[in-house]
Amino acid sequence: MEITVTVNGTSHTHDVEPRTLLVHYIREHVGLTGTNIGCDTSSCGACSVHLNGEAVKSCTLLAVQADGQEIRTIEGMADADGTLHPMQQAFMENHGLQCGYCTPGMVMAATSLLEENPQPTEQDVRLGLEGNLCRCTGYHNIVKSVLAAAAND
Amino acid sequence: MTVTDEITATAPESAGIIGQRMLRKEDPVLLTGEAVFTNDMVVPGALHLAVLRSPYAHAKLISVDTSAAVAMPGVQAVYSGADLAELWASPMPCAWPVTDDMLSPEHYPIATDTVNYVGDGVAVVLADSNMIAHDAIELIDVTYEPLEAVTSITDALSDRVVVHDELGTNSSYTWNLLVEEAEGDVQRAFDAAAFTVSEQYVQQRLIPMAMEPRAVVAVPQPFGGDMTLYSSTQIPHILKVMVAVTLGFPEHQLRVVAPAVGGGFGAKLDVYAEELLCIALANKHACPVRWNEDRSENTVATVQGRGQVQNIELAADANGKLTAVRVRLVADMGAYLQLITPGVPLLGAFLYAGVYDLPKAYDFSCTGVFTTMTPTDAYRGAGRPEATYAIERAMNALAAEMDVDPLDVRRRNFIGPEQYPYEAFTGLVYDSADHDAALGIAEELVDYNGLRAQQAKQNTADETKRLGIGVSTYFEMCGLAPSRVLASLNYSAGGWEAATVRILPTSKVQVVTGTSPHGQGHETAWSMIVADKLGIDPADVDVLHSDTTIAPLGMDTYGSRSLPVGGVAVGMACDQVIAKAKQIAAHQLEASSDDIEFAGGVFSVAGSPDKEMPLAAVAFEAFTAHDLPDDLEPNLEVQVSYDPPNFSWPFGTHICVVEVDTETGAVDVLKYVAVDDCGVQVNPLIVEGQVHGGVVQGLAQALYEGAVYDSDGNLQTSTLAEYLVPAASDVPPITLGLSVTPSPTNSLGVKGVGEAGTIGAAPAVMNAIVDALSDLGVSDVPMPASPLNVWTAINSSQSAANTEANGGS
Ligand code: FES
Ligand code: FES
């Protein structure tokens, strides 16, 4: 089945098997491997991307459901000149990542969270990131990063 | 209490780069999706491997019919275990035969006649895509003759069902450590004790659950004969040796690379069937072969952690001073012995007396048993969290027995700061510590006395929200390890680490390290060590690692060893580079090399401040070699292999404050304070991150996690929907206090920090829960302290109390 999806501002047209998950489409057809896969039960959030501006777990959608839609992945966050997105910068400054495997999903979920709630409390951040698991950081510095990004905004 | 709590004490002044909160060099590639994890690699022409796994915990393999799978379009080959038998030069390796008579079943990457746990591989498919490979394994027809499962340590010990027929028993080994000044001392201490404690604790099995599941790519060079293995591993170097031995592959033609690795926690410290399969099949098919693990495959096919029943007895005199410790441990090996499975519980053998001054009266014994569950192996802390849990829970039991405060009983037993370096009852020498100081910082940070007063007010007879305060004071035996000590423990390898420091012609620096980071920030920390030594900008240092061709020598990353062994090696290599550079500078400046001083990246002659030469100039001289001293080789490059003289001994105190709802069994963590003294901190930012993450993993064992098997040996928690890895909303912010006691055993004064948080956390949390409920007669709650387990513990102790009150039966 042929689909056309805009990913990070570029339009892509591919023939995909109808059962292809969006995350596999992004990684294997579009070739953007920054979006990670951490589970098979929609539990971990490693695969989070923005669909029309809102964070979704890309393992919960079929590629065909994204036909005609806009996707933004972690590769579309920093400026072309190398300037990090403020959320990426906040993660860096607050040591919000260790192995970095959950990080692309965290950054996508966190930016979407601030979009909805620009001045969250600590508890808002913890609850808002409930769908994104990290095994390394204990979340302390992730929460701190998101609060710092909100404060800098 | 908020997440932005800052460190309260201040770090000792550091003139240089060591001690600065430098942002990580690793971050930009990870934050932008540029990092390449193994499964991100694009490998043209690769075949995809899928493994058919046993749905039975224990069964005879009667037949494996691959015909339908082979016929599927896109499938290149299907193999049963028997088809592959000739590919293995020897069974899968266990590098730690802990006793001479240890029993170990032969273990091959794919089973041939019996399967011994749910997840044991029975056949493999090679196909053009991952999807086809997975579709095809569904078409393999296997006939099993089911046998009974063994899913508990007690059942395993009874030999009711023997997992491996050929061994005749489920007991793999019994390892003893009896330390007495005179024969019978331990028993005499118990006979004479004013107080004794006898407790049993259960360490539930845990699933390590690194966020990146495992992945493997093997790329052969069919005509040249070389083979490159990319694997999501913590141990590229050890893996290379083990692959060479297991497959009979010539080691000099093997290259192992760990690309970006998404966490390990011990579970990637192993040699796995899929690594051997990918290489063997890439070789056989003369094309690349790749495999990546699904999460529900990961929970059964990657090693699990813990899994022990611990019996601990303490004897103490009238002052509460420990006089003897006796430990009987039974450890669940799972179905097979993986790389270091049998040794894991023994890493804790030296720590069951904790941070306390115990005379030579220690009796430890551990039996390892086979069950029909996924093999266990290292998981963050490996043996040491288990030991710390037992002694720290038991110390609280002793405090209860004596009716004194848990901090008091600890203070009566601490090894005093003046006793360091301290030769322990085991003969190991503890390097440095001040336990009372660390406890004092934690006590103050948490307002211990205030909390005790509040608790006395709050925990009235009919109060349903009960306050509990739990403490643990611990040692983290790390910096694995002096090779001779490993030899005495029958471990098959050494514990040294290698480092090369190379000054390039333009004075940029390459560091080659044998450590293999997967989140710990070695690129940043090693750059800081080098920059500090050489007086240069850390940005001018590049750290090369995790590729056996670029970094041929190394012992990899686990056991909180990277900094105290690998980082120290980097520092030593810098010192030797400077020594050589001094000879060149002396020659150029026409001075004696004894008179050459080096500071801030500049060589100068003592007493002649105008005679100086920057490192960059010396580096270029070394490169051109136009005018070097006669006996000096060109270039500024030094390689060091460092075997640590001792373990390092980080220590600290954790205090956890909880509120337990007796009606629902829910536990709310109100506050968590950790004081982890890991010696000199190269980069406090990284240290704090390690502690945060470690604490949450320990706290998760206490509150949330546990691998649950049914009586047929099926894993009931095989996905992230069932196995409760905590989310941000499930855990508290963590308050850190600072204590810095440099290690005297290495030139950097460092100790290591990777496992500390995990070691201290579980006992602190569980002591807090039991503390909240002790008035209700609760003395233990099984981990994880889920609402159900807490509620059940309360209600069974209440009904026991009622039965007693009514004259009981
Ligand atoms: S991979 Fe999508 S939620 Fe885990
Ligand atoms: S940084 Fe490793 S999983 Fe989050």
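Visitor: What relative accessibility does Arg502(B) have in this model?
Guide: This is a predicted model, in which local features need pLDDT of at least 70 and side-chain atom pairs count only at pLDDT 80 or more, while totals for chains, interfaces and linings use all residues. Residues are numbered from 1 along each chain as its sequence is written, chains are lettered from A and ligands numbered from 1 in the order in which they are written, and side-chain values use heavy atoms, with hydrogens and water left out. Buried means under 20% relative accessible area, exposed over 50% and partly exposed in between (1.4 Å probe, protein chains only). Arg502(B) counts as partly exposed because its relative accessibility is 24%.

Visitor: Which residue forms a salt bridge with Arg502(B)?
Guide: A salt bridge is a side-chain nitrogen of Lys or Arg within 4 Å of a carboxyl oxygen of Asp or Glu, and here the closest N and O atoms of Arg502(B) and Glu637(B) are 2.6 Å apart. The pair links distant parts of the chain, 135 residues apart, with Arg502(B) in strand S19 (residues 497-503) and Glu637(B) in strand S25 (residues 636-642) of chain B; helices (H or I, at least four residues) and strands (E, at least two) are DSSP runs, numbered from the N terminus.

Visitor: How far apart are the closest N and O atoms of Asp185(B) and Arg188(B)?
Guide: Asp185(B) and Arg188(B) are about one helical turn from each other, because they lie 3 residues apart in helix H6 (residues 185-192) of chain B. Arg188(B) is partly exposed, at 44% relative accessibility. The two residues form a salt bridge, and the closest N and O atoms are separated by 2.9 Å.

Visitor: Which residue does Lys321(B) meet in a salt bridge?
Guide: The salt bridge of Lys321(B) with Asp357(B) spans 4.0 Å, N to O. These residues are 36 apart and link distant parts of the chain: Lys321(B) is in the loop between strands S13 (305-316) and S14 (322-334), and its partner is in the loop between helix H10 (344-347) and strand S15 (361-370) of chain B. Lys321(B) counts as partly exposed, at 26% relative accessibility. The side chain that Lys321(B) meets is that of Asp357(B).

Visitor: How many residues of S15(B) are buried?
Guide: In a regular strand the side chains alternate between the two faces of the sheet. Ala361(B), Asp363(B), Ser365(B), Thr367(B) and Val369(B) point one way from S15(B), Tyr362(B), Phe364(B), Cys366(B), Gly368(B) and Phe370(B) point the other way, and all are buried. The count for S15(B) is 10 of 10.

Visitor: Which residue in S15(B) is the bridge partner of Leu178(B)?
Guide: Two strands pair if DSSP finds at least two bridges between them. S7(B) and S15(B) are joined by 9 bridges and run antiparallel, whereas S14(B) and S15(B) are joined by 9 bridges and run parallel. Across from Ala331(B), the partner in S15(B) is Gly368(B). For Leu178(B), the partner in S15(B) is Asp363(B).

Visitor: Which residue in S26(B) stands opposite Tyr474(B)?
Guide: Strand S18 (residues 465-475) of chain B is mostly covered, with 10 of its 11 residues buried. S18(B) runs antiparallel to strand S26 (residues 651-661) of chain B, and 11 bridges join the two. Opposite Tyr474(B) stands Gly652(B).
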